[in-house]
Amino acid sequence: MIPRDGSCTSLWQQHMEPYIPSNKADNTLVYDVIIAGGGITGISTAWMLQKLGKNCLVLEAKSIGFGTTGGTTAHLNTILDTPYTKMIRNFGEDNAKLVAKAARDAINLIKENIHKLAIDCEFKETPAFIFSKNEDQTRELDDMYMASQQVGLQVAYSDKIPVPMPFQKALRIEKQAKFDPLQYVYALAQAFETAGGTIQQESRVIDIEGDDLLTVTTEEESFTARAMVFATHIPIGINLLHLRCAPYRSYAMAVRLKRDTDYPQGLIYDTDDPYHYYRTQEINGISYLIAGGYDHRTAMESNTEKYFLQLEAHLRTYYEIDEVSYAWSSQYFEPADGLPYIGHLPGHPANILVATGFSGNGMVYSQVAALVITNMLTGKEDPCIKLFDPNRVKPVAGFVNFIKHNGHVAASFLGKLLPADKLDEMAAIAPGDGKVVRYEENTIAIHKDEKGNLHALHPECTHMKCTIAWNAAESSWDCPCHGARFSIIGEVLNGPAAVQLGRITLGT
C-alpha cells in the first residue's frame, strides 16, 4: 500500500505498491523544465513535455500519488462543478464552449495515452446522469440542459437513472468516462522515465529564485532549470492566487453491496448543495460502489468524522451494504470565478507557471493543464492560454507578491519546555483527539495519540500564520486560510506551507 496525505485509506492506494523511480536526478544539469508535484497534473505535464524533446525533472515532496490523485473519486466528466450557466454568464458563450471542448479534449487525451501505452487502468466510457428532487432543483436542471446544449454537449432528458433514488427530472450526458487514477499515473510515470525524464521523490520544493535560469531548492539540494511548473494543487510561498483559491474537503466511501446487480452503471450526480456523486469501480475482479459528498471549507468544521457517518447512512437508505471497505476524504481548491488558474504565476517571471483551482474536477483539469502548459512552453498557439490565465486576477491594493517563506515561525518554539501533566489535565483530550489550547501566555496545538502520548506543536501555520485546526477524520492539523495540512508531529502534508510546524518539548 502507498502512503497518502491522511490517516484514512482510499480505495486506490490500498491496491498499489510505492513507485520506485528508475532514473537519478543530476543537480549539475540545467533542466528544461522542473515540475513540482507528482500527481496526475505533474506527471501528465512532464510526460507531454518530455515527448516533445524537453528534459524534465519531477520533484515530488512525498511519493507519487500521495496527494489528491490518491484520494480522488476519478470521475472523467465534461459536466463540471462550475455549471455552464455560470460560465456563459461570467465569461460568454464562446468561452464556455471553449471550456467544454477543453474538457472533452482532456478525456480524449487520457483515452489516447491508455491506447498508445497499453495502460490497464479499467478505463471505461460511460454516460453521466444528473437528477433533481424538487421544483427548485428542476428549474436548475432545465437551465443546465439549455446551457449544456449551447456549449455542444450531447445531453438529453432521461426517464430513468441508474440509482434507486426518487427523482423529479433527470439528464443524461454522453461520452463521459471513469478509470483507476493511480494505475494510470504510474504507467505514465514509467513512460516518462523511459523517454529520459527523471522523478525524484521525498524532495519538497521550498524556494525558487532567478529569472532566465531558475534555482529550485528542495530540503536537501538545489537544481537549475529554464522553466518551473507548480503542479502542487496550490503554489508555495505567498501569492495573489492564495487569496483567490478556497480549500475544501470532500468525503468518499467505497462499499461492497450484497447484490451484484445493484451496482450502478454510469456517473451519477444529484443537485443537492453540496451534491452527492456515485459510480462503480472494479478492482482485481471486485466491484465497489463509490460515493462522495458533504463538501465543506477546510478546517471550518469541528466534527469531520460525522460526514462519514452521514454518507454511510445516506447509502444505507438506498442499498443493502455488505461492508464499508474504504472511507476517506480529500482536498481541492475552489477558484473565485469558477475557472482554474493555468499559466504564468502572478507577480513572477514568465518561466514560472502554475496549475491550480481545479474545483472538484481535478482529473479532467489536470489534462487541460498539461495541454495548456505544454503549448505555452513549446510556443504553440492555444485559445485556452488566455482563458485560464492566472493573471486575469487583478492585484489587491497594497498586496506584495513574493515566494519566500516564513521559516522563522517554525524555529520560534523549537526546544521550548512545557509541562505535559498540566497540559493534559487542562486540555482533557481523549486518545486520538487534538485541540488548540491556551496555557499561560502560549497557544499550543496538542494531540494525544492512541497510547496516551502527547504531541505539542506551535499552532500557527508556517505559510501565513493562520491558526490550525484539528481534523479528526484524517488525524491532521489543517489550516483554514489556504489549505496547508500537517501531520501530528508537524510534518507538511499539503502546501502551500513548505516548512513544518515548530515542535514543543514537553516535560514533567
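**Strand E13 and its hairpins**

E13 and E14 form a hairpin with two residues between them, and Asn284 in that turn has a positive phi of about 50°. This is a predicted model, where local features need pLDDT of at least 70, side-chain atom pairs count only at pLDDT 80 or more, and totals for chains, interfaces and linings use all residues. Residues are numbered from 1 along each chain as its sequence is written, and side-chain values use heavy atoms, leaving out hydrogens and water.

User: What makes E13 and E14 a pair?

Analyst: Two strands pair if DSSP finds at least two bridges between them. Here seven bridges join E13 to E14 (residues 286–297), so with the cut-off at two they pair, and they run antiparallel. One of the bridges has Arg279 and Ile290 as partners.

User: And what about E12 and E13?

Analyst: Two bridges join E12 (residues 267–270) to E13, again antiparallel. Tyr269 has Tyr277 as its bridge partner.

User: Why is E13 called largely enclosed?

Analyst: Buried means under 20% relative accessible area, exposed over 50%, partly exposed in between (1.4 Å probe, protein chains only). Six of the seven residues of E13 (residues 277–283) are buried, so the rest of the structure largely encloses the strand. Across the chain, 58% of the 508 residues count as buried.

User: How do you know that the chain agrees with a compact globule?

Analyst: The globule rule is 2.2 Å times the number of residues to the power 0.38, with the radius of gyration taken over C-alpha atoms. For 508 residues that gives a radius near 23 Å, and the chain has 23 Å, so the two agree.

Notes
Helix = DSSP H or I, 4+ residues; strand = E, 2+ residues; numbered from the N terminus.
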